[in-house]
Amino acid sequence: MTLRNADILSGLQRIGPGLLMALLVAMAAQFLSDHYGAPVMLMAILLGIPFHFLSQEPRMAAGIQFAARTVLRIGVALLGLRISAQLLAGIGVAEAVMLAMAVVTTIGAGIWLAPRFGRSGYFGFLAGGSVAICGASAALAISALLPKRHVAEDDVTFTVVGVTVLSSVAMIIYPMIATSLGLSTHMAGIFLGGTIHDVAQVVGAGYSISDETGDLSTLVKLFRVMMLAPVILVASLILRKAHLEAGEGGKAPPLIPAFVAGFIALAILGTMQLVPPLITESVNIVSRSCLVVAVAAVGMKTSLQAFASVGRSALALLITLTLLIAALVAIGLAVLV
């Protein structure tokens with residue numbers, strides 16, 4: 001056995017047990033989602049929390065950390081292949097500008113409001129990004145950028161649970177609101193896709209009204225997912241600049257994190273339609289699977305005591321931002337009509 005092969009084997013033995021456990025939790029969550037309709041991200045994190053003690057075990061800790069960090073970044077990078085500039089053609093330029101403004105305003109509001117809710121601006125960015133872009137996936141992507149001394153695993157867990165629950169509530173309530181207000185198919189699709197956090201809940205809400213509404217709401221939601229690339233790119237540049245200006249010790253964050261570069265590269269390939277649909281579909285499945293495994297691992301690293309300490313103020317911030325983006329999109333639609 002060569003030295004390189006020995007190192008690979010040693011690495012697999014080190015991360016294998018914890019990674020396998022995170023995979024088993026993720027599979028259980030997917031089973032519950034497939035058979036009972038439960039949100040898979042919420043199930044993954046809730047099933048992971050009771051296994052917190054394993055993250056303290058030397059044999060398990062490295063693998064759980066690998067799943068929560070490296071597998072997460074792989075999943076986020078692969079999300080890029082879902083993105084395409086052709087999305088704009090199906091939405092309309094005016095609507096796309098309005099949605100982009102709602103996303104940016106919600107993130108900015110999260111950063112500005114967080115200290116007023118007793119939270120740091122870093123948590124505000126995490127909460128604002130998760131509400132504005134794509135729920136749990138955005139929360140995970142943003143958490144991969146933020147310094148751990150400013151945003152703990154418990155903050156990430158709380159945000160993932162919070163936006164998933166709020167998204168599920170919105171999936172039930174928002175279609176009733178759209179119907180009661182007499183919104184057209186086009187307006188209802190933009191409202192649902194522009195306000196509900198997670199893709200799965202957008203699909204459920206849209207198609208509960210009509211096939212046309214479901215198609216458009218999903219398209220609008222994917223446009224919001226597309227906003228993840230510029231947001232994390234700008235955030236990485238700002239965080240690096242802040243680190244250098246503060247003169248903090250340790251290695252500065254990279255100019256462009258590898259997973260961000262991967263996300264952008266795959267988005268370009270998707271836009272240029274250089275990847276066959278079959279491969280794109282397969283990559284989407286792998287990306288989703290990686291994110292579920294990562295969420296399970298994040299849950300396993302979360303203690304209930306620490307989770308409870310996050311407090312009501314964090315939930316209040318998430319609710320406030322959820323109402324804010326709904327109001328922004330509704331006002332934007334009223335202006336465009």
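**Group meeting: a buried histidine, some rings and a cavity**

Let's start with His197, which is buried at a relative accessible area of 1%, where buried means under 20%, exposed over 50% and partly exposed in between, using a 1.4 Å probe and protein chains only. Before going on, a word on what we're looking at: this is a predicted model, local features need pLDDT of at least 70, side-chain atom pairs count only at pLDDT 80 or more, and totals for chains, interfaces and linings use all residues. Residues are numbered from 1 along each chain as its sequence is written, and side-chain values use heavy atoms, with hydrogens and water left out.

Okay, back to the histidine. His197 sits in the loop between helix H8 (185-195) and helix H9 (199-209); helices here are DSSP runs of H or I with at least four residues, strands are E runs of at least two, and both are numbered from the N terminus. What does the side chain of His197 make a polar contact with? That's the side chain of Thr322, at 3.0 Å. A polar contact is a pair of N or O atoms within 3.5 Å; within protein, one must be able to donate a hydrogen and the other to accept it, and residues adjacent in sequence count only if both atoms are side-chain atoms. A polar atom of the His197 side chain also lies 3.4 Å from the backbone oxygen of Val131. Leaving aside neighbours within four places in sequence, the contacts of His197 (heavy atoms within 4.5 Å) include Ser130, Cys134, Lys221 and Arg224.

Now, the rings. There are 2 aromatic pairs in the structure. To count, rings of Phe, Tyr and Trp (its six-membered ring) need centres within 6.5 Å; planes under 30 degrees apart are stacked, over 60 edge-to-face, and the rest tilted. Phe51 and Phe53 have ring centres 6.5 Å apart and planes at 35 degrees, so that pair is tilted. Phe51 is partly exposed at 29% relative accessibility, and Phe53 is partly exposed at 48%. Tyr174 and Phe191 also form a tilted pair, with 5.4 Å centre to centre and 45 degrees between the planes. Tyr174 is in helix H7 (residues 153-180) and Phe191 in helix H8, so this pair ties together parts 17 residues apart in sequence. Both Tyr174 and Phe191 are buried.

Next, the cavity. Searching the whole structure turns up 1 cavity of 30 Å³ or more. On a 1 Å grid over the protein atoms alone, a cavity is a set of points where a 1.4 Å probe fits but cannot get out, and lining residues have an atom within 4 Å of a point. Grid points are joined across faces, edges and corners, and the volume is the space filled by probe spheres set on the points. The largest cavity holds about 100 Å³. Which helix gives the most to its lining? That's H3, with 4 residues. Among the lining residues are Ala68, Leu72, Val156 and Val298.

Leu140, in helix H6 (residues 121-143), is buried with a relative accessible area of 0%. Its contacts beyond four places in sequence include Leu72, Val156 and Val298. Leu79 is in helix H3 and is buried too, at 4% relative accessibility. Beyond its sequence neighbours within four places, Leu79 is in contact with Ser137, Leu228, Phe263, Ser287 and Leu291.

Definitions and conventions:
1 Å grid on protein atoms, 1.4 Å probe; cavity = no way out; pocket = protein on both sides within 12 Å on 5 of 7 lines; lining within 4 Å.
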